Amino acid sequence: MTDQTQNPPAIATGAQSTVKASRGGMLGLTANDFRLFLIVLVITFLAPFILNPFPEGSALAQFNAGYPDLMQRFVIFGIFAIGFNILFGLTGYLSFGHAAFLGVGSYGAIWMMKLLTLNVIPAIIMAIIVAGIFALMVGYVSLRRSGIYFSILTLAFAQMSYALAYSVLTPITGGETGLQIKNTDRPLLSNIQDGEIGRANLFGLEMRSSFELELGAWLFTFNAGYYIAAVVMLLAFYMSIRLFRSPFGMMLRAVKSNQQRMNYTGLNSKPYTLAAFVISGMYAGLAGGLMVAMDTQVGPERMFWTASGEVVLMAILGGAGTLIGPVLGAGFIKYMENIISKINSTILHEWFFWLPDGLENFVVALIYPFIGKGWHLTLGIMFMAVVIFLPGGLVEGGQRIAGWIKNRRGSGDGPDKDPEHHPKQAPHVGE
Amino acid sequence: MSKLDLSRRGVLKTGAVAGAGLALPTIFTSGASAFTNEPGDSSVTLGFNVPQSGPYADEGADELRAYFLAVEHLNGEGDGGMLNTFSSKALDGAGILGRKVEYVTGDTQTKSDAARASARSMIEKDGAIMITGGSSSGVAVAVQALCQEAGVIFMAGLTHSNDTTGKDKKANGFRHFFNSYMSGAALAPILGSNYGTDRKAYHLTADYNWGYTTEEAVRTSTEAIGWETVGTVKTPLTQTDFSSYIAPVLNSDADVLVLNHYGGNMVNSLTNAVQFGLRDRVVNGKNFEIVVPLYSRLMAKGAGANVKGIYGSTNWHWSLSDEGSQAFVRSFGTKYGFPPSQAAHTCYVQTLLYADAVTRAGSFNPCAVSEALEGFEFDGMGNGPTLYRAEDHQCFKDVLVVRGKENPENEFDLLEIVEVTPVAQVTYDASIFGGELGSCNPGA
Amino acid sequence: MDGFILQILNGLDKGSAYALIALGLTLIFGTLGVVNFAHGALFMIGAFCAVTLNRLLTLSYVTEDPSRTDFLGNPAKVETPYVVDWFGESVGLAMIDWVVPLAILFSIPIMVAVGLIMERGLIKHFYKRPHADQILVTFGLAIVLQEIIKYYYGANPIPTPAPEAFVGTFDFGAMLGFEPFTILYPYWRLVYFVFAVILIGAVFAFLQFTTFGMVVRAGMADRETVGLLGINIDRRFTLMFALAAVVAGLAGVMYTPIISPNYHMGMDFLVLSFVVVVVGGMGSLPGAVAAGFLLGILESFASMPVAISIIPGINQIIIYLVAIVILLTRPRGLMGRKGVMEE
C-alpha cells in the first residue's frame, strides 16, 4: 500500500509501481498487495480471538467486541466502505447518498426471503441486482454533474428514498416499523412448520448458530453468519484490490487527477465513472443483503442522510483511497457505537471502586460525560483528533507507528516518503 | 463485577491453559441449557435498551432512572416502592428467584437497526435474559421481533401504536403501555361532552405507522359520537415548522384540530397552531379547539403555556392518588428530586411484572414466564385493576384523559386528570388488528 | 386564493431561515474556501443564547411557602427571580418577557467570539486541506458542540416564547379586502421575516458599499491577486467568518419562538441549507438568498392538501425534487460560477 496515499500524485507514478511490482505475488496480486490480503485474511479468520482479548467477567470484558452481532457489523460495514471507496477513493466523486443503495438492497433481500426462500444466497444476489439497477438510474442522472453538485444530487435521491420508504411506500417497506420475517410468511421454496418463524440459513446452516470455545476464563464465539459474511468480505476486498490495480482503476484515477485533460485526449470518462458508481452501489447492495441475512429486518432509517454520511466518515477516517483504510474506519465507528455506548455509571464505579471514595466519584464524574449516552461526544472528538493529527486517516497512523518501530530498530532504510504529508492544495474559489 | 486487579488477571491466565479445549456447539450463547441465557445461581442480567441519544434521549434517561429504582427494590434496597402495594406478593426483595438482579444498558438511538444491534449485544455478549425499554413503536416492533427469534422475553417500554400488540404482536413480547385505540375510545366521550357532538375535525397526522393508527382510532371514535372529519393531512416526521400545514386549517370550515403528533413534532405543531391564533378563533359559532391524542408530560413541557386547556390522553400521571402510584412517586421523587414520567412508570412496572412472573412460574424459561403473565390480573401498580390479556399480550387498565393545566403550581404540574376512563370502555376484541401471536420461543 | 397568499407568507418565513443560514455558509465558503458542516451548530448555538439568557434572567432564589406542599408533601418552594428583586416587579418581569429581543444583543458578542475561536483555533489549519477533511473536521465539531449543549440542556425542546406584545395574529385578509379571519399571520413570524430582510440587506450593503466589503469581494473573486497587492486578506476573511457566525446565530435567536429549540435543530437545518446553497449556486450570495426563498415557498405549496392529494408524498420530497430539476437544467445552480467546487 505504499504507492497510494490519499492523493495519488499522478497516473504515471501509479503505472510505474504497478508494473514494477507485478511479480512476486499470487492470485494475480503484487507481492505487497498479496501480503496485505493475507494479513486481512488472517485477521478476519482469527477475529473471534483478537476481538475478545479480555477474560469473561473481568472488568475489561466490557471492551470485548468478539460477539456475533458486532463482528458481523464490522465486516458488513467494511464491505460498504470498500465499495464506497471504489467510487470516492478512485474517482474523487463524493456520493452523499450511498446508504440508499444499502437500503434498497436490504428491501430486495428481505422480500426475497419472505416470498421465495430463506436461503441467504438468492436474497443477497437479489440485493446486489436491485441496488445495481437503482445505482444505474441514480448514477446516470447524477453523473451529469460533478463536484458538490454531484454530491447534492445523490443526497437528494437518497433523502427522497428515505422519506418515501418511511411514509407513502409503507405497503412495500413497512414504513416506520420496517419489515421482519413473520410466522405468517410462507416462502415458496421452504417447508417450515405452521406458525414457525423462518430463519435465514445457508443450505440449512442457520446464520445464528454459533460454536463456543471456552479457554479458561476466556470465551470465544465462532458464529456461522460471521464467517459467511467474512468470506464475502474477503472476496469483495480481493476484487477491490484487483480493480484498484487494473487498467480500469487507472482510468478512474485519471478521472480524479484531471478529467479535463482526459477528455481532451478523446476519452469519454462518463462510462468509466458510471461503471464505478454502479459497482460501488452493488457493493452497498451486497452489504445491505448481508445485513438482512445476518439479522432479518429492514428499517428505513438505514437510508437517512446520516447513514450516508457515516460511510463517508468511515472512508475518510480510515484513509480514503487506500485499500484497507475504509475497513479500519468502519470498524472504528462501529466499535465506538456499540461498545462505548454501553458503558454506564455503575460500570465506571466498578472499575474505580479501589480508589478512595472522593477520588472515585471525581474520576467517575470526569469520565462520565464521554461514555454511555455521551458516546457521540467521544466520537466527535475522535473525528477531529484523527483528521487534525493524521491527515491520511488511521492508515497513516499505522504507517507512522510502523515507521517509528523501524527507526527504533535502527534499520531506517530509505527516507520516509512524504514525511510532512503535504496534501494537494485545495482548489480555491476563483482558481 | 471483579475489580481491575493484576494479580487476579495473572491467576486467570494460568488457569486458561489448564482449562483449554472445552468446546460446545450452541445457538446464541451457552448451550446445554433449556433456554437462551439461562442465568447462573447467583445473579441474573436484565437488558435496559433505551434511547440515550436522539430526540427521545430525555425520555430514555427517565426510563433508565425507573429501571435503576426497580432493580434497587427487587434487590431489597430502598423503600420497596410498589412491591408494597402490588397485589401479588411473590416478590420478597431478595432478587429474582434468589438471584441478585444485575443489568446492562444500551442506546437504541430511536433507530430500529441500532436498537437491534444493542439488544443483540445484550443477548450475545452480556447474557441478558430479558430486554426492556424503548420510546417508539418502530423500535418496539423491531426489538420484539428480535427477542422472539432469540428466545428471550421483551417487556415493551413506551410504545403506543396498535401494531405492537396488533399486527406485529409476538409471543415473547408484552406491552403494559396503552395504545392508539384506547386513546380514541377514552377521549371521544369527553370531547363529546365538552365540545358537543356536532363538530368538524381536521387531522394533522405524523406520516408513519403510529400516526396512521392514532388518526384512525380518533377518527373512528369521534365519528361514532357524531363528529365529521373534514380533512386529514399527513406531515413528514422530519418537519419542524408546521405553519404550512396549519394555514389550510384557516381556510377550511373545521372547528377542531386534532394533532396526531408525538415528541418534537407535537411540541412544534401545537406551538405553531396556537401562534396562528387557532384558539381564539370562532368557527360555525363555536370556539375552535385543539386536541392532542397522546400526551407526554416531558414533551408537553417543551410546548410551555400552549398546552393549557388542551385535551389528550396519557397512560399514567404522577398526581394519581391511588396507593401504588403514590408509593412509586414517593420513592422516585425521594431518589431523584422530581416526579416520574409515564415512560418511567411503565418501565418500572414492566420490570416488576417480569420479576413477579418469573417468581410465580419458578423459572426463567421464557415459555414459563409467558404463561405466568398471560391472563394475569393484578392491582396496586397504578391504573387500578389490570389484566395482561393472553390473546395479544396487551395490558388492559383504566386510561387517563387529561387536560393542560391553566395554573400550574410548579414545572411538573402541567396536566390535570379530567377523567379516569374505566377499562371496560377501552377494551376491544383481540382479533380486530390482525397479526398472529405465534408460540413462545425459549431459544436453545 | 387566500390559501395561496397564506402559503406565500409561510414560504417567505421559512425561506428567511434557509436564506440566513445559506448566506452564512456561502460567505464562509466564498471567502475561506471551507465547507463548514458546523454551520448548523452555529444556528443552534444562537438559539441557545436565547435559552441561556432566559435561564439567567429567571435565576431565582428559593423561599418556602408553608401554606402549600409539593408532590412529596414537603413545603412548596417558591422561586423569585433576582431581576424582579433588583429592578422591581414591572421592569423585571418585562425583561423576562422580552428575553428573545434582548438575546439579540446578548448573542452578538458570543457569536463573534465563537466564530473567531473556531476560525483561528481550527478552520485556519484546514484552508489548504482537501474538502473531505474539512467536512470531517467540521462535522466532528458539530457533533461535539451539540453534545455539549445536550449535556447541559437535555434533549427535550425548551420553550422560549416571544414577548407578550407579539402574541397574536395580523389579519391580512381584512386589509386586502378578503373575508376577515381567513388570512391570519402571527406577528412574530412577520417580525422574523422583516428581521431577515434587514439582516440580509445589511450584509449586502456592507459588502457592496464599504472598502472592507470591496476588498473581501475582490478576495472572493481572486484571492491571489488581492494578496499580491499587499492587502492582508486573511485577517479580513477571519472577520467574515465571525460575521457569518453572527448571521447564523441571530437567525437562531429569532427562530426560538417559532420552534422550541433543541440540541439537534442545527443538524435538522444543515442538510437543507446545503441543498439551498447548492441550488443557489456555489459561491453566489444572491443565489443563496434566492434559493432559500424559492425552496421555502415551494415547500409551503407542496404541503397544501390539494398538492398532497394529487401526488401523495410530494410534501416529503419537494425540496429534493426541485434541487434535482434545477441542477439538471442549470449546471451550476441558479447563479453559480464556473469552476467552483466542480472537481
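**Chain B, between its domains**

I began with the domain boundary in chain B, where 13 residues of domain 1 are in contact with 13 residues of domain 2, and I took contact to mean that the C-beta atoms of two residues, placed from the backbone, lie within 7 Å. The helix that gives the largest share of the domain 1 side is H2 (residues 57-74) of chain B, with three residues. That side of domain 1 of chain B divides into three nonpolar, six polar and four charged residues, where Ala, Val, Leu, Ile, Met, Phe, Trp, Tyr, Cys and Pro count as nonpolar, Asp, Glu, Lys and Arg as charged, and the others, Gly among them, as polar. Domain 1 of chain B covers 43-178 + 318-396 and domain 2 covers 181-314, with bounds that come from an automatic or database domain assignment. I noted 30 Å between the C-alpha centres of the two domains of chain B.

I reminded myself that this is a predicted model, in which local features need pLDDT of at least 70 and side-chain atom pairs count only at pLDDT 80 or more, while totals for chains, interfaces and linings use all residues. Residues are numbered from 1 along each chain as its sequence is written, and chains are lettered from A and ligands numbered from 1 in the order in which they are written.

**Chain B as a whole**

I counted 13 helices and 18 strands in chain B, these being DSSP runs numbered from the N terminus (helices H or I of at least four residues, strands E of at least two). Its radius of gyration is 23 Å, close to the 22 Å that the globule rule gives for 444 residues, so chain B is as compact as a globular protein of that length; the radius is taken over C-alpha atoms, and the rule is 2.2 Å times the number of residues to the power 0.38. Of the 444 residues of chain B, 65% count as buried, which I read as 20 or more other C-beta atoms within 10 Å of a residue's own, again placed from the backbone.

**Helix H5 of chain B**

I then looked up H5 (residues 180-195) of chain B, whose 16 residues should span 22 Å at 1.5 Å a residue, and the end C-alpha atoms are 21 Å apart, which agrees; the expected span is 1.5 Å times one less than the number of residues. H5(B) bends by about 30 degrees at Leu187(B), and Pro189(B) follows within four residues, the bend being the angle between axes fitted to the seven residues ending there and the seven starting there. Leu187(B) is itself among the buried residues of H5(B), which also include Tyr181(B), Met182(B) and Leu191(B). The elements covering these buried residues include helix H6 (209-224) and strand S12 (289-294) of chain B. After H5(B) comes Gly196(B), with a positive phi near 90 degrees.

**Chain C against chain A**

I found 43 residues of chain C in contact with 44 residues of chain A. H5(C) gives the most to the chain C side, with 12 residues, and that side divides into 27 nonpolar, eight polar and eight charged residues.

**Helix H1 of chain C**

For H1 (residues 2-32) of chain C, 26 of the 31 residues are buried, so H1(C) is largely enclosed by the rest of the structure. Gly33(C) follows H1(C), with a positive phi near 70 degrees.

Technical notes. Buried ≥ 20, exposed ≤ 12 C-beta atoms within 10 Å, placed from the backbone.
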